[in-house]
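Biologist: Let's go through the labels on this model one by one. For each, I want the value, the cut-off and the conclusion.

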Amino acid sequence: MVDDQIERPTRISLGQSNWLFGGAVFVIMWATLIAYYQFKFDLNIPPSTSGDEVDYDSLGWELAHGRGFRVDLNDPEFREPYDVAAQTSERFRLPHRESEISTTRPPFYPWAISYINRLVGRQFWGTRILDAAFVAATGALLAVCVRQDFGMTAAGLSIILFLGVDVRTRLYGRAILTEAMAMFFVSLICVVILKLRFHKFRSRIDDILFSVAIGLLIGFAVLVRTLMILWLPGICLLLLLIWMRLGFSAKRSALLVACAMSGVLLAIVPWCVRNIAVTGEFMPMGTQGLVQLSASFGDEVWESGGVWRNLEHSGFFDEVVSDDQTPVEREVAKAKWSRTQAKEWIFHQPGRAIALIPMKIKEEFRPRNLTEAVILCLFLLGIWPALWTSSGRVCLALLAINAIAIGATWSVEGRFLVPVLLPMHYVAVLGIVWIALMIPFAPLQRVFAQRQVREA
C-alpha cells in the first residue's frame, strides 16, 4: 500500500532524451568555444583586413543603419576599431575605397550581423558568439544522430572529433564568414533528409507542405552560400529516390520534388529579382560566380592544379574596367568578360576542362594539417560501411553533391568542405564503429553495438 502511494517518476521517452542530450551538448560546446575564443584571441578583436571578413562586417553595419546592401569602408564609426587595432598591427589596416552596392555577397549572413549590430552596437564579439552557436548546434545535431544509431560511446567520440580534433570547427567558428552558418543549414538539410526516410505522411496536402518546407530550408541555405545553387540537381535526384523508396509512384515522387523546388523558389526569388534590378542584366544570383568563372576554367586554374587564383592580381580584367564606371558597372563588365573567356577556354580545351573537375575535388579534400588528415582517414575508412546503411548513403550523397559543385567551380584548399562537416564526421564515426566491431574483442564490440544502424 505504501509503495502504491509513492508517486513514480515519469519515464523520459527516447525522443525527449535525445532533445535533452542535444541541448546539453549544444550548451557545453557553445560555452567552450566562447571561452576559447575570448581567452586565446579576444572575442572583440577585428578580423584581418586581407580577406572577405571586412565585406561581411560592413554589409551588416550598413544594413543595420538602413543604408541598404552595400559596402562602405569609409564610415568613421565602422572604421574606428580597425584604425585603433592597426596602431599595433599592420594586418588590421583598413584601406579606403569607393562605397558600392554589393552584387557579390549572399544576403543571409549580413542580415544576421545587422540584427546583432542593432541590438548591441558596433562590435565583433556578438557576431562571433553567433558563429560559435552555429558550430555548436552542428556538433549537437551530429552527436544526436550518432547517439541514435550507435550509442553514447560513439556520440562521445563524435564530440571529441568534431570539437577537439578538427581544427576547422574552431577556426571558422570565429571567422566573420558564411562558413559557420552554412555548416548549420547544411546540417539541418542532412538531418531533415535522414528523418524523411521515417516520416509518416497522412495525406496529399501533408506531402506537399512537407516538401515545400524542405525546399524553403534548401533555399535559405542558398541565400547563405550562393554555391549551393549548384546542389539543386543532385538534391532533386536524392529526394526523388528517397520518395520512390518510401513506396510513392514515380509521378507522385516527381510532384513532391517539384513542390520542394517551388519552396526553393519562394525563398530565393526576391533576392534574384533584386540582383536583376541592381545589375540591369539577367544575373539572378549576383555577379560573384560569373566573375570567377574564368577562375574555374582557364589557364590560371589549370596551372594551379585546380586551386583558385585571384584574377584581379593578374590583370585579367584590365581590358574591360575603367575608373569612369560605377562599382556595379565594373562588376557586371567583369562578369560578362569572365563568362565569355571561360566558355571559349572550355570550347577550345575540352580535355583540360574535364580533367580539372577531379583535380579541384582532390585539392579540396587534400588535408593541410594533421587534424584534417585524421578526419580524412577515418572518413575513408567509413565509406565502405556507409554504403551499406541508409544514413551513410544519404551522407555520402550530400558529400558527392558538394564535390560535384566544387568540380564545377574551384577549390579553395578545404574551405568548401566546411559546410559538409556533419555528414563527413558522421561517416568518419561510422568508420570507427566498423573497425571496432571488426576487432575480436567482446567488451569493445558490446560498447559499440548498443543500437543497430537504422535502416529505411
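**Labels and cut-offs**

Modeller: By class, the lining of the second largest cavity has 5 nonpolar, 1 polar and 1 charged residues. This is a predicted model: local features need pLDDT of at least 70, side-chain atom pairs count only at pLDDT 80 or more, and totals for chains, interfaces and linings use all residues. Residues are numbered from 1 along each chain as its sequence is written, and side-chain values use heavy atoms, with hydrogens and water left out.

Biologist: Which residues line the second largest cavity? What makes a residue nonpolar, polar or charged?

Modeller: The lining consists of R225, L227, M228, W231, N402, F416 and P419. Ala, Val, Leu, Ile, Met, Phe, Trp, Tyr, Cys and Pro count as nonpolar; Asp, Glu, Lys and Arg count as charged; the others, Gly among them, are polar. R225 is therefore the charged one and N402 the polar one.

Biologist: What makes a space a cavity and not a pocket?

Modeller: The search uses a 1 Å grid over the protein atoms alone. In a cavity, a 1.4 Å probe fits but cannot get out. A pocket is an open set with protein on both sides within 12 Å along at least five of seven lines. Lining residues have an atom within 4 Å of a point. Rolling a probe the size of a water molecule over the atoms shows where empty space is left.

Biologist: What about the second largest pocket: how much space does it hold, and which residues are closest to its centre?

Modeller: That pocket has about 360 Å³ of space. Of its 16 lining residues, N18, W19, L141, V144 and V191 are the closest to the centre. The lining divides into 10 nonpolar, 5 polar and 1 charged. Helices α2 (14-40), α6 (125-150) and α9 (179-196) each supply at least two of the residues. Helices (H or I, at least four residues) and strands (E, at least two) are DSSP runs, numbered from the N terminus.

Biologist: Why is T178 called buried?

Modeller: Its relative accessibility is 4%. Buried means under 20% relative accessible area, exposed over 50%, and partly exposed in between (1.4 Å probe, protein chains only). T178 therefore counts as buried. It lies in the loop between α8 (167-172) and α9.

Biologist: What makes the pairing of T178 with R225 a polar contact?

Modeller: The two side chains are joined at 2.8 Å. A polar contact is a pair of N or O atoms within 3.5 Å; within protein, one must be able to donate a hydrogen and the other to accept it, and residues adjacent in sequence count only if both atoms are side-chain atoms. The T178 pair qualifies.

Biologist: And D57: buried or exposed? Which side chains does its own side chain meet in polar contacts?

Modeller: D57 has 2% relative accessibility, so it counts as buried. It sits in helix α3 (residues 53-64). Its side chain makes polar contacts with the side chains of Y82 at 2.7 Å and R122 at 2.9 Å. Beyond four places in sequence, D57 is in contact (heavy atoms within 4.5 Å) with residues including F78, F124 and I176.

Biologist: Why is R368 called partly exposed?

Modeller: Its relative accessible area is 30%, so R368 falls in the in-between class. R368 is in the loop between α17 (350-365) and α18 (370-386). Its side chain reaches the backbone oxygen of E363 at 2.4 Å. The C-alpha atoms of R368 and E413 are separated by 7.9 Å, though 45 residues apart along the chain.

Biologist: Why is C190 in no disulfide?

Modeller: The structure holds 0 disulfides. For C190, the nearest cysteine sulfur, that of C395, is 4.1 Å away.

Methods. A disulfide is a pair of cysteine sulfur atoms within 2.5 Å. Grid points are joined across faces, edges and corners, and a volume is the space filled by probe spheres set on the points.
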